[in-house]
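These are my notebook entries on a structure I looked through.

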Amino acid sequence: MFKINFRSNSILLLFTLLGLITPFLGIPVLMTFAGIVTTLFIKTLKTVALPILFLSLTSTLSSMKNLGEMRKIGKKVLFYTISTTAIAAVIALCAFIYLSPYLTASVTDTLVSTPHKSYLTIVLDLFPENFVQPFAQGNAFGVVLIAFALGMAAQFLPQEKKENLHTGFDALFSVFLLMAESVTFILPIAAWAFMTELMVNVFHTSSSSLHMLIIFLGTIISVNLIQGFIALPLLLWRNGISPRKLFSDVSKSLSVAFFTKSSSAALPFSLDLMAKKSGVSPRVSNFSLPLCSTINMNGCAQFILLSVLFSAIYHGQPVSYGGYLFWLCTAIFAAVGNAGVPMGCYFLASLLLTSAGLPLTFMGLILPFYPIIDMIETAVNVWSDICITKITDKQLKETLINYTF
């Protein structure tokens, strides 16, 4: 069903390069069109992001047979999901704190000045007053709270009604997934438009935008590589598992994840390889891998955290240590609740910035390069899913006498 499409990546690269030269053509209508495209693209992303987030959670929670379903596996999967996501976010935060003195000094001419909101105000504003408010205000946290409330309440419905509710949520989720997929079809044009506006900003204001963008890209790629090649292998090694052998066993799945930028596309390969090459019980992998592909987003936590913090600096809002803790927890929670859809992390980061009262200017600068980030993030996410599944399987085999999973 899923194919590695090198042609689409080439087209995206071509449009990005066209955006580099468009400002030099001196054609006003092209500049106006680029502004329209960037505005409409961000509005479209914000339109589909919240329903996807809401329906992903309600569909998953309402599909559970009971609250104790697969408790033995679920506890371990959830523990390692939160642990690896937290480790990833802490790595990203440490990198930002190390770079923050240079970043603050380098932004001498911020593009936008925004009023500062206290973090207590931000936290209180995240809790919704009614069902409609979080959707209208772009409040991702409020949407997650409502989704969890509905999903948990569904567990107490009669089985027939619960199944009907799940069918409705799942159908709507599929519809919005198709809408999100349709947005990615115009990604090359959006990349051209954002790159065009980026070049205009660079040449008509200062070089600070370009400096910030280069540092951001270097940082986000570096922290992903640290998570994938150092943190996760150390976790495997601590549990007596060879990182090199496991990586070799599932390399095909990781390649699919990298080139398709889709955890779902890699899932069938992961399930097959974990059972045939890595010796993981199908009962464990069939539960753990689909669950992890939904809630285990190490790379997403890093992207959300760094996007928010870099945007704050970019718009002249220094972040306190209390702010670091607030955004660290927010990034972890948001990543766990993130829907595994194309550009899902980008959607969430944009929504959190909106909730914090920050403009999306810096997110626009990132967009032309996000496909590259997404490729690396997806591979790291799938690698983390595989590591968690392997560790869970090994621990269950060691601790349970009658291993019937």
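Is lysine 276 buried or exposed? I looked up its relative accessibility and got 67%, so lysine 276 counts as exposed. The cut-offs I used are under 20% relative accessible area for buried, over 50% for exposed and partly exposed in between, with a 1.4 Å probe and protein chains only.

The model is predicted, so I kept to its rules: local features need pLDDT of at least 70, side-chain atom pairs count only at pLDDT 80 or more, and totals for chains, interfaces and linings use all residues. Residues are numbered from 1 along each chain as its sequence is written, and side-chain values use heavy atoms, with hydrogens and water left out.

**Entry: salt bridges**

I found three salt bridges in the structure, each being a side-chain nitrogen of Lys or Arg within 4 Å of a carboxyl oxygen of Asp or Glu. Lysine 276 pairs with aspartate 272 at 3.1 Å, N to O. The two are about one helical turn apart because they sit four residues apart in helix H12 (residues 263-276). Aspartate 272 has a relative accessible area of 34%, so I wrote it down as partly exposed.

Lysine 245 meets aspartate 249 at 3.0 Å, N to O; both are in helix H10 (residues 243-249), four residues apart. Lysine 245 is partly exposed at 47%, whereas aspartate 249 is buried at 10%.

Aspartate 393 and lysine 397 also bridge at 3.0 Å, N to O, and both belong to helix H18, about one turn apart. Aspartate 393 is buried at 2%, and lysine 397 is partly exposed at 40%.

**Entry: overall make-up**

I noted 18 helices and zero strands. These are DSSP runs (H or I of at least four residues for helices, E of at least two for strands), numbered from the N terminus. Of the 405 residues, 52% count as buried. Among contacts (heavy atoms within 4.5 Å) with a separation of 6 or more, 85% join residues 24 or more positions apart.

Serine 253 is buried at 0%, and its contacts beyond four places in sequence include Ala266, Phe269 and Val382.

**Entry: one surface patch**

Which residues form a nonpolar patch on the surface? I listed Leu13, Leu14, Leu17, Leu18, Leu20, Ile21 and Phe24, with about 640 Å² of accessible area together. Areas come from the Shrake-Rupley method with a 1.4 Å probe, and for residues only the protein chains shown count as cover. Patch members have over 30% relative accessible area and no salt bridge; like charges are joined within 9 Å and nonpolar side chains (Val, Leu, Ile, Met, Phe, Trp, Tyr) within 5 Å. Leucine 20 lies in helix H1 (residues 6-25) and is partly exposed at 31%.
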